[in-house]
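Okay everyone, thanks for coming.

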Amino acid sequence: MEDAPNQRRQRRRLIAIAAGVVGFLALGHVVPATIQARKMAKRRTCIANLKQLDGATQSWRIDEKQPLTATPGRTDLYGGNDAPGLWPICPMGGTYTIGSGVTPPTCSISGHAITINTNFFKDPRRYAKPTGSRF
């Protein structure tokens, strides 16, 4: 009868070891996926910052009546004061280069980029006039 408690203890140990192995294997799949998701989130944040810079560049160009190829300076976009929080920062430590109306702003980290659709103004559907009655 003294064998029964030892068997129970041994069974519990085996179950604990099996649960540990299963947990370890599960972590082997979860951790890389989490790391990849964080990288993608940081990339999306950088692209959003680049779009913000592009919008600020376009607004500056229109407000100051500058040609399409003009490139503003950092102080032109965000004022003379270099207050923290005004200039966007790449979450992965890249540096931004301001573009012009023709070239988009860039980040020093590869893969962090936006593209400008040059065919946007050439799309004939954009200028199509509605036919028939609106009502």
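Predicted model: local features only at pLDDT ≥ 70, side-chain atom pairs only at ≥ 80, totals over all residues.

Let's start with the largest nonpolar core: it has 15 residues, and Leu77 and Tyr96 touch the most other members. By a nonpolar core I mean a set of buried Ala, Val, Leu, Ile, Met, Phe, Trp, Tyr and Cys residues joined through side-chain atoms within 4.5 Å. Buried is under 20% relative accessible area, exposed is over 50%, and partly exposed is in between, with a 1.4 Å probe and protein chains only. Helix H1 and helix H2 (74-78) each give at least two residues to this core, and the largest share, six residues, comes from H1. In soluble globular proteins, nonpolar side chains tend to be buried together.

Residues are numbered from 1 along each chain as its sequence is written, and side-chain values use heavy atoms, with hydrogens and water left out.

So, what does Tyr96 touch, not counting residues up to four places away in sequence? Its partners include Cys46, Leu50, Leu53, Trp87 and Cys107. Contact here means heavy atoms within 4.5 Å.

Now the overall layout. We've got two helices and two strands, in the order α-α-β-β along the sequence. Those are DSSP runs numbered from the N terminus: helices are H or I with at least four residues, strands are E with at least two.

Next, find Thr57, in helix H1. Is Thr57 buried or exposed? Thr57 has a relative accessible area of 2%, so it counts as buried. Leaving aside neighbours within four places in sequence, Thr57 is in contact with Pro72, Leu77, Ile98, Gly99 and Ser100. There's Leu77 again, from our core!

Compare Leu25, which also sits in H1 (residues 3-63). Leu25 counts as exposed because its relative accessibility is 54%. Pro104, in the loop between strand E1 (96-97) and strand E2 (106-107), is partly exposed because its value is 22%.

One last thing about Pro104: Lys51 is 53 residues away from it in sequence, yet their C-alpha atoms are 8.5 Å apart in space. And across the protein, of the contacts with a separation of 6 or more, 54% are between residues 24 or more positions apart. That's me done, thanks!
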